[in-house]
Amino acid sequence: MTHSYQHLQRLDAAHHIHPFNDNAELAKKGTRILVKGEGCYVWDAEGNKLLDAFAGLWCVNVGYGRKSMADVAARQMEQLAYYNTFFQCSTEPAIHLSAKLAEISPADLNHVFYSNSGSEGNDTVLRMVRHFWAVQGHPAKNVVIGRHNGYHGSTMAGASLGGMKGMHAQGGLPIPDIHHIDPPFFFADGGEMSEDEYGLAAARRLEEKILALGPERVAAFIGEPIMGAIGVYIPPRTYWPEVERICRKYDVLLVADEVICGYGRTGEWFGSQYFGFTPDIMTTAKGLTSGYIPMGAVLFNERVASVLRHQGGELAHGYTYSGHPVCAAVALENIRILQDEKIVETCRTDTGPYLAERWRELGEHPLVGEARIAGMVGALELVPDKGVRRFFEERGKVGALCRNIALKNGLILRATYDSMLLSPPLVISRDEIDELFEKAWKSLNETA
Ligand code: PLP
């Protein structure tokens, strides 16, 4: 460290506009400056060691500090730091990664278009689903349905497909011909229904919307298998198969936004496999490179890809860094690690079930109304009256307090309103899960 912590904070406050922050507020408080990561831990510039139960931002699936990731990036930079994939060109890492993604992806989602992020991937999705129908003679089949409070990124298309009101309010969103239905959130909305009944009822909102708009107008439905940012809403088992049935019935393309769930988060390679449905298109990013370098990949099935390849002539869409060779080399190494170390399998059969057990123990805390978890992603819903499915009057205050107390106790959890969100590196060990439990329990006690 050549600069003092306060000096760095002052520079940051003077010159750096942070995403998803009240920047005036942040400048007063000062940013937390992270300097190092190893396994499931990060260190800040003041020397505090923190157990990162949020994997950065749902990203660092293989854990921090992997030297082999840095080595492949350095090797590729020395060999060929950049080349485009626009003008009849490709690079070896991009080719190998495309084949690898075809190998690990479900069903016939064997064709990939590269972006730099999840948001850009969803821009690609919006363009491509409309193009798909237009070139087949159905230009009016251009409506895409998403969900209120869904999160699909922060670009114009990503934020429009998402259903965050606060985002729509800034910058003239949403883009026309994007509609939203209510998401499945049993805790708040399930009433007297069983979870299975509720899952079907929530899915049927999609059918109602399709019928209201006219099936001939609806191009696609997009959803996160588990809605992450809004609070880890894990839908009942009945939800996604019913959504799939409805999409097939009305010939509506089904898009799974796997930016969080992809690459092992649920203990399956993809969230769609966890819930037992097959999308036509998948958006992926984050876990593709474990966040070591920015990259996204949109996967298309044979039906969609054959239209994109063979109809409509030139695909007037792409990014300078689509298939960037250094990013592709890092993604390949990331997938090699996931496969060779059997990380997804271990999450499914060993550490995932153990984490679920301990997470449910946290659910017994008087402050927790529900402990939900699927593989390595979960939430604790903090409530005013245990046993009653009701939120705090002033939403978010207790969650923020708990997050700050957890930080002080050396644990990073994210808070959305009063949901404490969990998404640790997939390599978390049983001992680290125990540590997470102790720190979370202590933090709940101090919050209550
Ligand atoms: N889709 C989902 C489900 C996400 O959770 C996110 C980011 O958290 C995105 C898309 C946007 O990805 P990015 O921030 O890489 O643009």
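The sections below cover the ligand shell, a helix, a strand and some local backbone features.

## Basis

The structure is a predicted model. Local features are described where pLDDT is at least 70.

## Ligand surroundings

The ligand is surrounded by 15 residues. S117, G118, S119, G153 and V259 are the closest of them. Sorted by class, the shell consists of eight polar, five nonpolar and two charged residues.

Which element gives the largest share of this shell? Helix α6, spanning residues 118-134, does, with three residues.

## Helix α4

Helix α4 runs over residues 67-80 and holds 14 residues. From its first C-alpha to its last it reaches 20 Å, close to the 20 Å expected at 1.5 Å a residue.

Three names make up the buried set of α4: M69, V72 and Q76. These residues are on the same side of α4 because they cover an arc of only 65 degrees around the axis. The packing partners of the buried residues of α4 are α5 (92-104) and α14 (325-340). The other side of α4 carries exposed residues, namely K67, D71, A74, R75 and E78.

Strand β9 covers residues 281-284, and both of its faces are covered. In a regular strand, side chains alternate between the two faces of the sheet. In β9, I281 and T283 are on one side, M282 and T284 are on the other, and all are buried.

β9 pairs with β8 as well as with β10. Strand β8 (residues 253-257) runs parallel to β9, and three bridges join the two. In this pairing A256 is opposite M282 of β9. Strand β10 (residues 296-300) pairs with β9 in the antiparallel sense, over four bridges. Here T283 is the residue that stands opposite V298 in β10.

## Backbone features in loops

N149 is not a glycine, yet its phi is positive, at about 70 degrees. The loop between β5 (143-147) and α7 (156-161) contains N149. Is N149 buried or partly exposed? N149 counts as partly exposed because 19 other C-beta atoms lie within 10 Å, while a buried residue needs 20 or more.

S290 also has a positive phi without being a glycine, in this case about 55 degrees. The loop between β9 and β10 holds S290. S290 has 29 C-beta neighbours inside 10 Å, so S290 is classed as buried.

## Residue A201

A201 sits in helix α10, which spans residues 195-213. A201 is partly exposed because there are 18 C-beta neighbours inside 10 Å. Along the chain A201 and I178 are 23 residues apart, and their C-alpha atoms are separated by 22 Å.

Methods: Residues are numbered from 1 along each chain as its sequence is written. This is a predicted model: local features need pLDDT of at least 70, side-chain atom pairs count only at pLDDT 80 or more; totals for chains, interfaces and linings use all residues. A residue is near a molecule or strand if its C-beta atom, placed from the backbone, lies within 6 Å of it. Ala, Val, Leu, Ile, Met, Phe, Trp, Tyr, Cys and Pro count as nonpolar, Asp, Glu, Lys and Arg as charged, and the others, Gly among them, as polar. The expected span of a helix is 1.5 Å times one less than its number of residues. A residue is buried if 20 or more other C-beta atoms lie within 10 Å of its own, exposed if 12 or fewer, and partly exposed in between; C-beta atoms are placed from the backbone. The arc is that of the directions from the helix axis to the C-beta atoms. Two residues are in contact if their C-beta atoms, placed from the backbone, lie within 7 Å. Two strands pair if DSSP finds at least two bridges between them.
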